[in-house]
Amino acid sequence: MKRQTLSLWVLLALSSCTQSLDLNPLDQISSATFWKTKGDFDKALTANYASLQADPWAVELPVWNCLTDDGFAQHNSGSAKEITSGSISPSTGGYVSGVYSESYKAIARANIFLSQLAGYGNSDITEMDRKRYEAEVRFLRAFYYFQLYHLYGDVPLVLEPLTLETQNQPKVPAADILKQILADLDYAIANLSTSPYPQNGGHAAVSSAQAFKARVLIFAAYGDTGTPDPTLLTQVRELTMQVKTQYTLSPKFEDLFRDAGQKNNPEIIFSINFLAPNNTRPWDMYYGDWLVASPLQNFVDAFECTDGLPYGVSPLTDKKEPFKNRDSRLAKTVFIDHPDFGSGRVHIPSNSRPTGYGVMKFLAPENIPYGFSTLSQQNAVVLRLAEVLLMYAEAQNELAGPDASVYEAINAVRQRSAMPALPAGLTKAQMQERIRHERRIELAFEGLRYYDLKRWHIAGQVLNNVKDSFVPYKFEDKFYKWPIPQAEIDKSGGVLKQNENY
């Protein structure tokens, strides 16, 4: 599904969380002239969805994997070099400050919408419309609060438009943030469209909220220790069981990430949508020409051979042709030196190849040659069935061990890429490792590896053993929660307190 965004003047009108000193700025729409018809709310809803198009949740999703053992960010996008080397402080830029500010900008926009909706009395918005509007915006607000919750922990909880008098808000416990996320998602589940996402024209569906709630809960389940809470995992299992019956795996893995294969794709549960020529992001230039993210050798080596055995152990290992006899997802995720789609569809990158590899996954062959003029309208896939199946397998394995349903879920993901089923007789611990490995391979460069390492509480163990990158890795326990950006603390006049150990 493709979604046209609003023109600049509407986006500006809805972007601020506090009043300007000029109460009637000439470059913005006044609330006295907006919010007068249902059409205004439709435009404002589009503006709320447009907040998702900020780089950290869209075109830079692959960069998040460069905070892990998967990749190297040669241009230091998101301050990846500082984050991986342990130079995380209240003054660190990139994602450490950017996620915080972008999230609250989007939350402010959502709160303005909800406040205006609550006060709107015209008959052109029915009660059903009202509930749907609120459900969609609360789903979006939950998305942003989850970014804050899992990266920073205790943060301010803002549910109303702020004024100059109320703009400085204190932090609340992370448990309260989680409670609000779940409340927003529960409202969304009760009131969104019951049609599967591909039928909703880019609007979130009930299944979108259910899948996202499962992602929230599977993170929360591991708490501060890495030992999962069975009560929360039971909820994850139930949610994923409800979602997985409504979707099927895309027949072709690569269709999920290329514009031509995304329309009505039966696997996509929620995505951030773009439409050329006016609403694009530089997917092809970033990853096919600039090599903004470069896969590390240890990541490439993690792909199994076609017999299901590890590379280097399998008799099918061919060191001279390392992509030969490998999991088909390797060549669909990674390119060597330059992207080559066959039939002469080749692009030679203008930037260096520090690891010798680049990310193939999000590139569109029809857009070659890649450069500043390339109009890349690939959607950013936020939720898809393969992740839901792997969340189900993880939750069920932790709750009941590797029963037949666990094998069925993980094998479905593997067999889509012509990989053999897992061997019978795995222990719970062995299956846990296989599920974690499968997430790394299947969901590679989709922005989830950092989230996974943190929720499993193995970030230090994994990241401090990375030896094949170009910066020394250092992860300390305090990095499980990022610091509140110093600029935000300064602006608050002392109301906002820094996170512990910073």
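In this predicted model, helix α6, which covers residues 127-152, packs against α8 at an angle of about 15°, and the axes of the two helices are 11 Å apart. Because angles under 35 degrees count as roughly parallel, α6 and α8 are roughly parallel to each other. The crossing in which α6 passes α8 is left-handed. On the side of α6 the contact is made by F139, A142, F143, F146, Q147, Y149 and H150, and on the side of α8 by S208, A209, F212, R215, V216, F219 and A220.

The crossing of α7 and α8 is left-handed. From α7, the residues L178, I181, L182, L185, D186, A188 and I189 meet V206, A209, Q210, F212, K213, V216, L217 and A220 of α8. In the contact of α7 with α8 there are 12 nonpolar residues, one polar residue and two charged ones.

From the helices we can turn to charged side chains. How many salt bridges does a search of the whole structure find? The search finds 31 of them.

Another salt bridge brings together the side chains of R329 and E442, at 2.8 Å from N to O. R329 belongs to helix α13 (residues 328-333) and E442 to helix α16 (residues 428-442), so the pair links parts that are 113 residues apart in sequence. Are these two residues buried or exposed? R329 is buried, and E442 is buried as well. E442 also meets the side chain of R416 in a salt bridge of 2.9 Å, N to O. Because R416 lies in helix α15 (residues 404-416) and E442 in helix α16, this pair ties together parts that are 26 residues apart in sequence. R416, like E442, is buried. These residues belong to a network of salt bridges that links E267, E304, D327, R329, K361, R384, R414, R416, R434, E438, E442 and E446.

Two further residues show how single positions sit among their neighbours. R449 lies in helix α17, residues 449-455, and is buried, with a relative accessible area of 11%. Leaving aside residues up to four places away in sequence, R449 touches N65, T68, D69, D70, R436, R440, W456 and V462. The C-alpha atoms of R449 and A73 are separated by 15 Å, and these residues are 376 residues apart along the chain. Q432, in turn, lies in helix α16 and counts as partly exposed at 21% relative accessibility. With residues up to four places away in sequence again set aside, Q432 touches N397 and E398. Between the C-alpha atoms of Q432 and E366, 66 residues apart along the chain, the separation is 39 Å.

The backbone remains to be considered. Most residues other than glycine have a negative phi, and most peptide bonds are trans. A cis peptide bond, however, joins A276 and P277, with omega about 10°, and P277 is found in the loop between β2 and α11. The peptide bond from I368 to P369 is cis too, with omega near 5°, and P369 is placed in the loop between β5 (357-359) and β6 (380-384). As for phi, S79 has a positive value near 60°; S79 is located in the loop between β1 (71-72) and α4 (80-84) and counts as buried at 13% relative accessibility. N325 also has a positive phi, of about 60°, although N325 is not a glycine. N325 is found in the loop between α12 (297-301) and α13, where this residue is partly exposed, with a relative accessible area of 29%.

Conventions:
Residues are numbered from 1 along each chain as its sequence is written. This is a predicted model: local features need pLDDT of at least 70, side-chain atom pairs count only at pLDDT 80 or more; totals for chains, interfaces and linings use all residues. Side-chain values use heavy atoms; hydrogens and water are left out. A crossing is left-handed if the near helix is turned anticlockwise from the far one by less than a right angle, and right-handed if clockwise. Helices (H or I, at least four residues) and strands (E, at least two) are DSSP runs, numbered from the N terminus. Contact means heavy atoms within 4.5 Å. Ala, Val, Leu, Ile, Met, Phe, Trp, Tyr, Cys and Pro count as nonpolar, Asp, Glu, Lys and Arg as charged, and the others, Gly among them, as polar. A salt bridge is a side-chain nitrogen of Lys or Arg within 4 Å of a carboxyl oxygen of Asp or Glu. Buried means under 20% relative accessible area, exposed over 50%, partly exposed in between (1.4 Å probe, protein chains only). Axes are lines fitted to C-alpha atoms, for helices over the stretch in contact, and angles run from 0 to 180 degrees between N-to-C directions. Angles under 35 degrees count as roughly parallel, over 145 as roughly antiparallel, 65 to 115 as roughly perpendicular and the rest as oblique.
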